[in-house]
Amino acid sequence: MRPAARVQAAIELLDAIIGAALDNGPPADRLIADYFRQRRYAGSKDRRAVRDLVYRAIRACGPVPVSGRAAMLRLAADDPALAEMFDGSDHAPDLIVEGERPAAAGIAPQWLTEELAKSGIRGEEAEALLDRAPLDLRVNSLKASRETLDLPETGEFLAAPNALRFDGGTRVETWDAYEDGRVEVQDHGSQLACLAAAPEPHDTVIDLCAGAGGKTLAMAATMENGGAIIACDTDKRRLSQLPPRAERAGATNITPVLLDPGKELERLESYRESADLVLVDAPCSGTGTWRRNPETRWRLTPNRLDALIETQARLLDLAARLVKPGGRITYVVCSLLDREGTLQAKAFLERHSGWKAKLPLIPAGQERGAGVRLTPHHDATDGFFIAQLCSP
């Protein structure tokens, strides 16, 4: 592909990504993969170049662009060489028309930028949300030791006891250590959230929103396959990924449980007041993960945020019914909005007499109300809010 043709391909992909963001369609990665699956003629260099253009344009635009062309013009406004690619030749973008306006720059749509500012995320803290993320691994202590593990590349030791950091483009999926379960891909912030949960080997743990099981597997390793972890989710597809992952990791104390949305307690009735720990890794806005998924900031609306906050409160109340006296809830969201973080924890404490918040003991983050907040700027992790809520 000629350079100008790559720009046109990026514009076409951006059109699809913008449409999917507005209609809750497939994520950008899937759209890009599908696009090139239908265009086998594009070589690996072409695919990398187009993908880079797409994500540069997504990061450069704050509000949702009106079109992929407007998004690419945002980049071209600061890149004369890119602007020259709009030459109207075959498979190239049409010439730029005088007065044609590029998409607006910024961190996010205006309403969301204001929500972040209310939560103390502005300036450098906000700008860091759109940086490129590194690749973090968790060494699986059931099978290996961080100090002695031999990998094709040398990673940076991080604060979490089993965390290693590599460049974002590292092809870890080709490593033997990945194939045989000695390492898992997991952001350092997510590993710190598991460290905050601090499950003991004898504990009964309920992972209420386990998804594909990243945190479940980390806790299983911490527990040295002792106790029991009940890994729950309402998404059958995601939960079905956990058993093969657990087998690969050598985790044997995990029981997957599929829940019906809104009827979770019916399936979990036998666990009422039995858990030492309930991990509520709740559905959230994902504002802390924009470094990896920058287009998701175009998917969020005020109504969707309100619905997520209602779901979080309901899951916390459900968790309170599963915890035994003296047990605890670890509440985690990969969000930087106080409405999903410290204000959500505060509201829970107001609803549940006798419960108290205890600050998580982790070697990073900053105190934020009832918990600790990690941010890309301050901690070089994804953004998280983590609270420890203790039963009387």
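Which residues in H3 meet which residues in H4? Leu53, Arg56, Ala57 and Ala60 in H3 meet Ala71, Met72, Arg74 and Leu75 in H4, where contact means heavy atoms within 4.5 Å. Helices (H or I, at least four residues) and strands (E, at least two) are DSSP runs, numbered from the N terminus.

A quick word on the ground rules. This is a predicted model, in which local features need pLDDT of at least 70 and side-chain atom pairs count only at pLDDT 80 or more, while totals for chains, interfaces and linings use all residues. Residues are numbered from 1 along each chain as its sequence is written, and side-chain values use heavy atoms, with hydrogens and water left out.

**Helix packing**

Two packed helices are described by the angle between their axes and the distance between the axes. The axes here are lines fitted to C-alpha atoms, for helices over the stretch in contact, and angles run from 0 to 180 degrees between N-to-C directions.

| Pair | Axis distance | Angle |
|---|---|---|
| H1 (residues 3-23) and H3 (residues 44-60) | within 9 Å | roughly 50° |
| H3 and H4 (residues 68-76) | 9 Å | about 85° |
| H14 (residues 302-322) and H15 | within 10 Å | roughly 45° |

Let's take H3 and H4 first. With an angle of about 85°, H3 is roughly perpendicular to H4; angles under 35 degrees count as roughly parallel, over 145 as roughly antiparallel, 65 to 115 as roughly perpendicular and the rest as oblique. By class, their contact has 6 nonpolar, no polar and 2 charged residues. For that sorting, Ala, Val, Leu, Ile, Met, Phe, Trp, Tyr, Cys and Pro are nonpolar, Asp, Glu, Lys and Arg are charged, and the others, Gly among them, are polar.

H3 also packs against H1, crossing at roughly 50°, which makes H1 oblique to H3. H1 brings Arg6, Val7, Ala9, Ala10, Leu13, Leu14 and Ile17 to the contact, and among the H3 residues are Ala49, Val50, Leu53 and Ala57. The tally for H1 with H3 is 12 nonpolar, no polar and 3 charged.

Further along, H14 and H15 cross at roughly 45°, so H14 is oblique to H15. Their crossing is right-handed. On the H14 side sit Ile309, Gln312, Ala313, Leu316, Asp317 and Ala320, facing Gln344, Phe348 and Arg351 of H15. That contact divides into 5 nonpolar, 2 polar and 2 charged residues.

**The sheet**

Four strands form an open sheet in the order E2-E3-E1-E4, with antiparallel pairing; strands pair if DSSP finds at least two bridges between them. E2 (156-157) and E4 (183-185) stand at the edges with a single partner strand each, so one side of each lacks a neighbour in the sheet. E1 (residues 135-139) and E4 pair over 3 bridges, and Leu137 has Val185 in E4 as its bridge partner.

UniProt (an unreviewed entry) marks residues 102-392 as "domain: SAM-dependent MTase RsmB/NOP-type". The span is 30% helix and 22% strand, and its end C-alpha atoms lie 57 Å apart. Cys334 is in the loop between strand E9 (323-333) and helix H15 (342-351). Beyond neighbours within four places in sequence, Cys334 touches Cys284, Gly286, Thr287, Gly288, Thr289, Gly383 and Phe384.

Definitions and conventions. Left-handed = near helix turned anticlockwise from the far one by under 90°. UniProt positions renumbered as here; feature names shortened; annotations may be inferred.
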